[in-house]
Amino acid sequence: ASSASSASSASVTVFQHAFDTGSYPRVVVASGVQLGSLTANGPSLSVVLQPNCTVGSLASKLIAGAVESTPPSEAEVGASLGSVSVKALGAGSVYLLQLPSTNTSSQLTYRQPAGRVCYSTDLPPDRASLSRGADPWAECDADEAVRGSGDSYAYRVALSSTDTNGDYYVSAAEAAAAMAELRCCGGNCPQRSNCAAETFLLFPPLEDERLGEIDRFNLPQAEYFENVVRLNYTWLMGKPGAGCYERLYADLLPSPPSPPDEVGSLFSDGGEVMVTLAQAEPGEPGAAAYHSFERLLQLMGGEVAASNETAPQLLDQAARPDNWRLAQLDAQRLIADVRPDYGLRTSARPGFVTVDVVGGPGLVEAETVCSCLPTRSCLPTSTRATRTPRHSAGFRCIHGVFRSVPSRGALKTLHKTVS
């Protein structure tokens, strides 16, 4: 972050109108450009920070777009950033890769309720420690408010969005509904969510003396949120668009030479947050070489590294979704548009669907195809090499039912044609 202090004083502000139907415009800061500040807000706007650019202050409020700094090779470092504040209220995401942090401890403040977070360093475990810190509530005072020692906006919005009938009690059904607003639960994600099983820990068995006096699955507000605090469910303190933040640390070992730099404040409601740090000196023994976006995703999915590969150190995320999955908001958009006509098992209408996917980290911009019947496609060479009608970028059609498979990128437009 300190390397951005010498940035130019030039300021750029871009606002996309809330009702703009433009096809995912982008603000690109080219390599070598220096800006004092950049503000970019919009419903489908994205910000692309090319390698070796410098931005002293970055502020962005997005919905479906993304903030991306994704160097294509190990020969390039990511953007040099000063203060960073990104808030993605829909399926928008934040990807900051190869952030220059040589010999500097770093910390990240973020909110991503579904656990779709990656935080990594190129240093091995004996040179850097990745952790959540001793206090999960360090960035949120909701735990103090629950105990009656203060006020908290996150706690107030959690109260109003959980106790929906206003009876000062929280039922298991209310808790499951509040949870489903923040993350997709169960093995059928992202097509369907069922958070009933995830709520059991919030309603532990009652003591013998309370049996018959109170319904275990309908607790007073205070008792329910005491359980939220006890389980350190910071992500559950809030609602879509607001809530508690958490903090992650990447501390140099054996001891940090200086106070840590702040990566920034990153918020994503329904997308994901990915931050990788370039903390190693060039050519430092034991350090990981640059890993592509695709390789990082493979490592996050548990794939074993090759014998000759020094993998980056990833912070363990117990709540991270298994394997690759579409963001639930993108899946809902697809399901709403396609399933009524072509996706139901009772549908007699065979479908032919094309999906335009916005290019992003790990995915080139391309048109992809899914058909329930044998088809003959004429696609560009670059597209044909990686996608087929049966297993296209994101969607597989089996017996008339559209199902998601590994894919990345935002859905831009979707067209339906009856065969």
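The protein chain folds into 7 helices and 24 strands, where helices (H or I, at least four residues) and strands (E, at least two) are DSSP runs numbered from the N terminus. Keep in mind that this is a predicted model: local features need pLDDT of at least 70, side-chain atom pairs count only at pLDDT 80 or more, and totals for chains, interfaces and linings use all residues. Residues are numbered from 1 along each chain as its sequence is written, and side-chain values use heavy atoms, with hydrogens and water left out.

Let's take the whole chain before the details. Of its 419 residues, 49% count as buried; here buried means under 20% relative accessible area, exposed over 50%, and partly exposed in between, with a 1.4 Å probe and protein chains only. The chain exposes about 19400 Å², and carbon and sulfur atoms supply 53% of that (areas come from the Shrake-Rupley method with a 1.4 Å probe, and for residues only the protein chains shown count as cover). As for contacts (heavy atoms within 4.5 Å), take those in the chain with a separation of 6 or more: residues 24 or more positions apart account for 66% of them.

Now for a sheet. Leu108 stands opposite Gly264 in β17.

On to the cysteines. With a disulfide taken as a pair of cysteine sulfur atoms within 2.5 Å, the count comes to 3. One of them is formed by Cys140 and Cys244, with sulfur atoms 1.8 Å apart. This pair links distant parts of the chain, 104 residues apart: Cys140 sits in the loop between β11 (128-131) and α1 (142-146), and Cys244 in the loop between β15 (242-243) and β16 (246-252). Both Cys140 and Cys244 are buried.

Another disulfide joins Cys185 to Cys195, S to S 2.1 Å. Cys185 and Cys195 lie 10 residues apart, each in the loop between α3 (172-180) and β13 (218-220). The torsion about their S-S bond is about 80°, so this disulfide is right-handed. Cys185 is buried at a relative accessible area of 3%, and Cys195 is buried with 3%.

Then there's Cys184 with Cys189, also a disulfide, S to S 2.1 Å. Here the S-S torsion is about -105°, so the disulfide is left-handed. Cys184 is partly exposed, with a relative accessible area of 24%, whereas Cys189, at 9%, counts as buried. Two further cysteines are worth a glance for their burial: Cys53 has a relative accessible area of 0%, and Cys118 has 1%.

Finally, helix α3. Its buried residues include Ala172, Glu174, Ala175, Ala176, Ala178 and Met179. An α-helix has 3.6 residues a turn, so residues three or four places apart point the same way. What covers the buried residues of α3 includes α2 (153-162), β12 (169-171) and α4 (221-230).

How values were computed: Two strands pair if DSSP finds at least two bridges between them.
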